[in-house]
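The structure is shown below, followed by the points grouped by topic.

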2 protein chains.
Amino acid sequence: MIDDQRFGLARRVTLPGPLRLDSGAAFAPVEIAYETYGTLAADRGNAVLVCHALTGDQHLASAHPRTGKPGWWTRMVGPGRPIDTGRDFVVCANVLGSCMGSSGPASVDPATGRPYAMAFPVITIRDMVRAQAMLLDHLGVGTLRAVVGGSMGGMQALSWAATFPDRVRAAVVIASTARHTAQNIAFHEVGRQAVMADPNWREGDYYAASAPAAGLAVARMAAHITYLSEAGLTEKFGRRLQGRDAKSFGFDADFQVESYLRHQGMAFTDRFDANSYLYITRAMDYFDLAEEHGGLLANAFRGTRTRFAIVSFDTDWLYPTAESRAVVQALHAAGAPASFVELSSPFGHDAFLLDVPALDRIVAGFMEAGR
Amino acid sequence: MIDDQRFGLARRVTLPGPLRLDSGAAFAPVEIAYETYGTLAADRGNAVLVCHALTGDQHLASAHPRTGKPGWWTRMVGPGRPIDTGRDFVVCANVLGSCMGSSGPASVDPATGRPYAMAFPVITIRDMVRAQAMLLDHLGVGTLRAVVGGSMGGMQALSWAATFPDRVRAAVVIASTARHTAQNIAFHEVGRQAVMADPNWREGDYYAASAPAAGLAVARMAAHITYLSEAGLTEKFGRRLQGRDAKSFGFDADFQVESYLRHQGMAFTDRFDANSYLYITRAMDYFDLAEEHGGLLANAFRGTRTRFAIVSFDTDWLYPTAESRAVVQALHAAGAPASFVELSSPFGHDAFLLDVPALDRIVAGFMEAGR
């Protein structure tokens, strides 16, 4: 039994593997960095896995060690919160391919003593989930009381339910999708091309030199626009000028929204590895749960006993409500118990991370109903 | 009287200037490259100005000299077409700041004998319109029977009606807006940052060396996504793979949409100057017709006798129908005669360039009603 009273203890484990990947490759060793919150019950029945988004990390409810910022979901996870660490044992693992301690392109390949870089295998959402399952085995967790995630975290939650139906009693899928659309792929491809166009990228082999920060910043800027709603951007910035009374008739950041985007782009390069950005966006673009199940999404959930809560936001144009509705229809076709709600929020896709009290209530109610 | 029977003759004129710009600068000499189609009537009453979009050109209804492709609006402009060159004298000028023969950053500054590069003055949509007015003076055209444009061309049409109300009898504004929103600015800023992040950009001073093609291609890719609808992308590409049966588990273009975007980006760099892209996107971002008129858009049209036709497309998320509606409301508040229609099309913003027969009928009817 895992008894971890130390709130937010940073942990890393080397799992023996090999992990059999969707590409056919076998990957070993598999390092997974993770955090746990709360105590695993004697019957091991109170484990909850929270899955993070593209550029997220395992620092769910405790400060990020590099930035010092609070955990990214303290609103949702903690003592007395909707995901109640006073009652549940909550696990959050850095996804395979990322750069916060889990194996990724920046990790040192023990076979060469140098970073994998582009020799790291291309992975899928399901590969991330398989690595998490190996971690749960290590932690002595058989069945999850719930798997919860927003955005790419929601893809993992869906993949968990489809891949390990007997290990998931409930799944909460927020602002997510069962497949990446052509537009989703297109935006990611712009980001990848921006990284690869940076001469510092050097085919991924930049770890001993300067990182392709300029390209990664452009990638982040483009992606960031997709996380916000048009109305939200208008409300937050409109056409307001940055620190001046009049237009400069130049190419400095005249508008607040320009300055904000530039800051978002640059700040991101301090905390994220460009190659990880390539690998994780690739995994998301490859995600198509129907394709993994003979072309019919309902097949992914046939016979499942997992309960599902699906939540979308009306201003999310990255994974719009129609994508959630497609998931719900497949769940109904598969006979799975599924609740679905579209919430109203001005924040666009990012709403799942922000102050939307209705989301807290929905998650709290769904988690409580499963006790 | 201009009597130009030669269909599609390429022309360029050096206007003495100086052109007084919104920035306060005086610019001279002003070179404008343009095309004319049809014959100016003896009473000079049949002149129509068509304004092109961001990366468009004056080759409206005749082949592009560099690419050999047909004119960009042959569907709309030609003998017997909605804009009928058998009856009207149609003018299309390359906008100030562009790179198809009109003065722009790639032009040689006569004062130095070298390209202006970033010493070219920052311009506005109204500056483009003022340069066009100088061209019309040169051509002996006083009053326009109509000014017509889509996207940035529509901004120019609105600016024409607001700046020279006595010279515009009718304005057709398609898939456009009276101001750039925060989201519009954000997408353009991503493109500019992509160009400027390319080491070949060299603060704009690249004309004697390699152009920042990689950065400009990324800029074009990001912009291109905004020109298409999500549904259009799904219909055209979906998740179809490019020339293979299975995913490559690599970073080549696996999906057709990736390959399409890469091609769009690279092809663009063959025909467009990166600095022109900076300047013209800046002009669009600065565009806010209300701001130029005391903060109230209706003031831009108070007392006008210009007839307006405003057209939007239901899948255009770059300049959505709400932006057209704001223009129409201002026109009504100003007492201007204005017709408005939202057309249904799967093509997103690009619909104004594509096969939308309803658009042809609307333009034909509006043009005919003005005879």
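**Interface of chain B and chain A**

Chain B and chain A each bring 53 residues to the contact (heavy atoms within 4.5 Å). In this predicted model, local features need pLDDT of at least 70 and side-chain atom pairs count only at pLDDT 80 or more, whereas totals for chains, interfaces and linings use all residues. Residues are numbered from 1 along each chain as its sequence is written, chains are lettered from A in the order in which they are written, and side-chain values use heavy atoms, without hydrogens and water.

- The buried area between chain B and chain A is about 4600 Å², with 70% given by carbon and sulfur atoms (accessible area, 1.4 Å probe, lost on being put together, summed over both parts).
- On the chain B side, B:Arg239, B:Phe249 and B:Phe251 lose the most area to chain A, together 18% of what that side buries.

**Salt bridges**

- Twelve salt bridges are counted between chain B and chain A (side-chain nitrogen of Lys or Arg within 4 Å of a carboxyl oxygen of Asp or Glu).
- One salt bridge joins the side chains of B:Arg282 and A:Asp254, at 3.6 Å from N to O.

**Cavities**

- The whole structure holds three cavities of 30 Å³ or more (sets of points on a 1 Å grid over the protein atoms alone where a 1.4 Å probe fits but cannot get out, with lining residues having an atom within 4 Å of a point).
- The largest cavity has about 90 Å³ of space, and its 13 lining residues include A:Ala194 and B:Ala194, among those nearest its centre.
- The second largest cavity has about 50 Å³ of space, and its lining includes A:Phe187, A:His188 and A:Tyr319.

How values were computed. Buried area is the accessible area (1.4 Å probe) that two parts lose on being put together, summed over both. On a 1 Å grid over the protein atoms alone, a cavity is a set of points where a 1.4 Å probe fits but cannot get out, and a pocket is an open set with protein on both sides within 12 Å along at least five of seven lines; lining residues have an atom within 4 Å of a point. Grid points are joined across faces, edges and corners, and a volume is the space filled by probe spheres set on the points.
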